[in-house]
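Please consider the model shown below.

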Amino acid sequence: MLKKILIAPFLFLVRFYQVAISPFTPATCRYTPTCSQYTVEALKKHGLFKGGWLAIKRILSCGPWGGCGHDPVP
């Protein structure tokens, strides 16, 4: 229960990005699932701290200097 309360504001921010911002920007994510979907899954599965850390690492690696391909949440 506490885990859901802690991650709720962050899930809201990601969902807002997915609905209000992402449709108006070019699709540039090099991974599947996308970085925003990965963040949602990581937060739900691992909680705020570990899931947040995984999301940050993923977002930083999603660029021309990073990898690509299928990268599921561990």
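The largest nonpolar core of this predicted model consists of five residues, namely Ile 7, Leu 11, Val 14, Val 40 and Leu 43. Two helices, H1 (2-21) and H2 (35-61), each contribute at least two residues to this core. Helix H1 provides the largest share, with three residues.

The arrangement of these two helices may be considered next. Two packed helices are described by the angle between their axes and by the distance between those axes. Here the axes of H1 and H2 come within 10 Å and cross at roughly 180°. Because angles over 145 degrees count as roughly antiparallel, H1 and H2 are therefore roughly antiparallel to each other. On the H1 side, the contact is made by Lys 3, Leu 6, Ile 7, Phe 10, Leu 11, Val 14, Arg 15, Tyr 17 and Gln 18. On the H2 side, the contributing residues are Ser 36, Gln 37, Thr 39, Val 40, Leu 43, Lys 44, Lys 45, His 46, Gly 47 and Leu 48. By class, the residues of this contact divide into nine nonpolar, six polar and four charged.

Two positions illustrate the contact in detail. Val 14, a member of the core, is in contact with Ser 36, Thr 39 and Val 40 when its neighbours within four places in sequence are left aside. Thr 39 is found in helix H2. Its relative accessibility is 9%, so Thr 39 counts as buried, the limit for that class being under 20%. With neighbours within four places in sequence again left aside, Thr 39 is in contact with Val 14, and also with Ala 55 and Ile 59.

How many disulfides does the count come to? The count comes to zero. A disulfide requires a pair of cysteine sulfur atoms within 2.5 Å. The sulfur of Cys 29 has its closest cysteine sulfur in Cys 35, at 3.3 Å, and this is too far for a bond. The exposure of each cysteine is assigned separately: Cys 29 is partly exposed, with a relative accessible area of 29%, whereas Cys 35 is buried, at 12%.

Is Arg 58 buried or exposed? With a relative accessible area of 2%, Arg 58 is buried.

Pro 33 lies in the loop between E1 and H2. The peptide bond that leads from Thr 32 to Pro 33 is cis, with omega near -5°. Thr 34 has its place in the loop between strand E1 (31-32) and H2. Thr 34 is partly exposed, with a relative accessible area of 39%. Not counting residues up to four places away in sequence, Thr 34 touches Cys 29 and Arg 58. Thr 34 and Phe 24 are ten residues apart in sequence, and their C-alpha atoms are 15 Å apart in space.

Definitions and conventions:
Residues are numbered from 1 along each chain as its sequence is written. This is a predicted model: local features need pLDDT of at least 70, side-chain atom pairs count only at pLDDT 80 or more; totals for chains, interfaces and linings use all residues. Side-chain values use heavy atoms; hydrogens and water are left out. A nonpolar core is a set of buried Ala, Val, Leu, Ile, Met, Phe, Trp, Tyr and Cys residues joined through side-chain atoms within 4.5 Å. Buried means under 20% relative accessible area, exposed over 50%, partly exposed in between (1.4 Å probe, protein chains only). Helices (H or I, at least four residues) and strands (E, at least two) are DSSP runs, numbered from the N terminus. Contact means heavy atoms within 4.5 Å. Axes are lines fitted to C-alpha atoms, for helices over the stretch in contact, and angles run from 0 to 180 degrees between N-to-C directions. Angles under 35 degrees count as roughly parallel, over 145 as roughly antiparallel, 65 to 115 as roughly perpendicular and the rest as oblique. Ala, Val, Leu, Ile, Met, Phe, Trp, Tyr, Cys and Pro count as nonpolar, Asp, Glu, Lys and Arg as charged, and the others, Gly among them, as polar.
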